[in-house]
Amino acid sequence: MVVKIKSLRQTIIMICSAFFICLLLSSCEKSPSTAVVSTDDPPVISTEEDTSQVNIGSMANTTAFADLSDFSQKGNLRLLQVDAYIDGYASDEGYYRMVPRADGSNNLCYIDFATKQEIYLCSQPNCTHDNNTCTAWFPTVTGLHLPIPVGDRVILIHGGASGYEEVLGDDSLPHIDIMQPDGSDRKTIFTFPASSSIAPLVMDSLACDDEYVYFCVENYSAEATTRTLCAVSSQTGEVFSLMDLPEVEQKIAGVDGTALLFSYVADQYDLSQNIADVDVSVMRYDVSDGSQTPLFSHKYTDVGTCGTDAYWLLSSDSVLHGYDLKTGETRFEAPVSLPDELDLTQLHCDGLFDGKLLVHGYYSPEINEAGTLLYYAINTEDGTVSQLSHEFVDAWGNHSPGVIAAQIDDNFMFIYGADAKTIQFPFADGSTTDMEYNVYQYAFMKCSDYWGNQSDYTPIAKLPE
């Protein structure tokens, strides 16, 4: 059997609404576990230079949270969006991402912005990158795997693969690795129980500052499903439990200085409800002092993202809303002109760049016709709309937007194509199936040319076969 998908996470998002998937994930039966450590004491912020960096080799692989009194938030926060079109994260020098192998394992790869070339993050000559002697090799593609450059190191988040304990052993457990930017000195520093998952919800994003990566852990027991905000230090390897997240589907949705913005479903809901009627609330949590501030509410189907000056949302009545990040007050409202054929409850947000909110959707004039891609940039200054022509066609004829992955000075790195790869995807019973996976291909283009729908770009040199 051959299963065709764009990416493991994108399959979930493309074929099901976030409403149904989130409900199924939160209601799955899991084995009981010990409750995650929590505290009522707020973390403290420090502006002093950190001189306590610990050598990676001396870090322990632990299951115990560190004392919260040792936590001090460092610098302004940056949102790490988790999305079907995002396969990695950028530092100032390059882009880290995971690329699956045909045998169902994973390779950590690096796109160098200076040379515009992608390499395996391995310095061994003549390495085949297919076993644990290689710094770029990881044993499984199953589950969530995120390489995140922070400070002068790279944190690797492995979300866990529940039910795969017999097939993958300890590799099925949610865990965190740390390494040097060149892939050396990699070490597992924290392991969660099998009854936990890291960032399992749809669009369950993360954040980082100058030292820490912030992420949500979901914990399952026979009595309840709970969520907790955690942080891992790139300097010491310590993992902290910062606060419990008691609301339904509470997850990181944005950042503002030293504050995290959380979204959550205002009330419990069930499958009988219309997703367009479900309300989502947004609240502010200041990591520096632990204060919490309710901000605003919106509908589940509204799409948007957090910018540096406001939280931008496009509602299903075709109005662009801008909300103040500290008070939640409405700072901007303007009607947006989009085609009537476009179902605004089915749009996808592709980020915010140069003051433009990017969204895309599909419409079908006839029920049996393939959907036509529509990709737009909405100016957050006045609500004017520009249609973008950047798109690529995958191996099966699916049209997708040329999403921006990173901005480097006055250039965008964006997706211009995808190469299909057949991998042996494992099932929990030990059997496998051939699964086709699209590996995104990137190119550089001047920002002004991107907005002007120009077609000249510089492709990133692909990985050697």
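Rings of Phe, Tyr and Trp, the last taken by its six-membered ring, pair if their centres lie within 6.5 Å. The model examined here is predicted.

**Exercise 1.** Determine which residues are linked by ring pairs into a cluster that includes Y416.

*Solution.* By the rule above, the count comes to 25 aromatic pairs. Ring pairs link F353, F412, F414, Y416, Y450, W451 and Y457 into a cluster. One member, W451, also has a charge above its ring: K356 lies over the face of W451, at 4.8 Å from the ring centre.

**Exercise 2.** Classify the pair formed by F190 and F192, and state whether each residue is buried or exposed.

*Solution.* Step one concerns geometry. The ring centres of F190 and F192 are 4.7 Å apart, with 55° between the planes. Planes under 30 degrees apart count as stacked and those over 60 as edge-to-face, so the remaining angles count as tilted. The pair F190 and F192 is therefore tilted. Step two concerns accessibility, where buried means under 20% relative accessible area. F190 has a value of 1% and is buried; F192, with 3%, is buried as well.

**Exercise 3.** Explain why the pair Y416 and Y457 is tilted, and which parts of the chain it ties together.

*Solution.* The ring centres of Y416 and Y457 lie 5.1 Å apart and the planes meet at 40°, so this pair is tilted. Y416 belongs to strand β34 (residues 411-426), whereas Y457 is in the loop between α4 (447-451) and β36 (458-459); the pair therefore ties together parts that are 41 residues apart in sequence. Y457 is partly exposed, its relative accessible area being 36%.

**Exercise 4.** Describe the open sheet that contains β19, β20, β21 and β22.

*Solution.* The 4 strands follow the order β19-β20-β21-β22, with antiparallel pairing. The edge strands are β19 (248-256) and β22 (292-299), each of which pairs on one side only. On average, neighbouring strands are turned by 25° against each other, direction ignored. Between β21 (residues 279-286) and β22 there are 7 bridges; P294 in β22 is the bridge partner of M283.

**Exercise 5.** How many residues lie between β23 and β24 in their hairpin?

*Solution.* The hairpin of β23 and β24 has 4 residues between the strands. Strand β23 (residues 303-306) runs antiparallel to β24 (residues 311-314), and 4 bridges join them. C306 stands opposite Y311 in β24.

Methods: Residues numbered from 1 in each chain as written. Predicted model: local features only at pLDDT ≥ 70, side-chain atom pairs only at ≥ 80, totals over all residues. Heavy atoms only, no water. Pairing = 2+ DSSP bridges. Helix = DSSP H or I, 4+ residues; strand = E, 2+ residues; numbered from the N terminus. Axes fitted to C-alpha atoms, helices over the stretch in contact; angles between N-to-C directions. Buried < 20%, exposed > 50% of the residue type's maximum accessible area, 1.4 Å probe, protein only. Lys NZ or Arg CZ within 6 Å of the ring centre and 35° of its normal.
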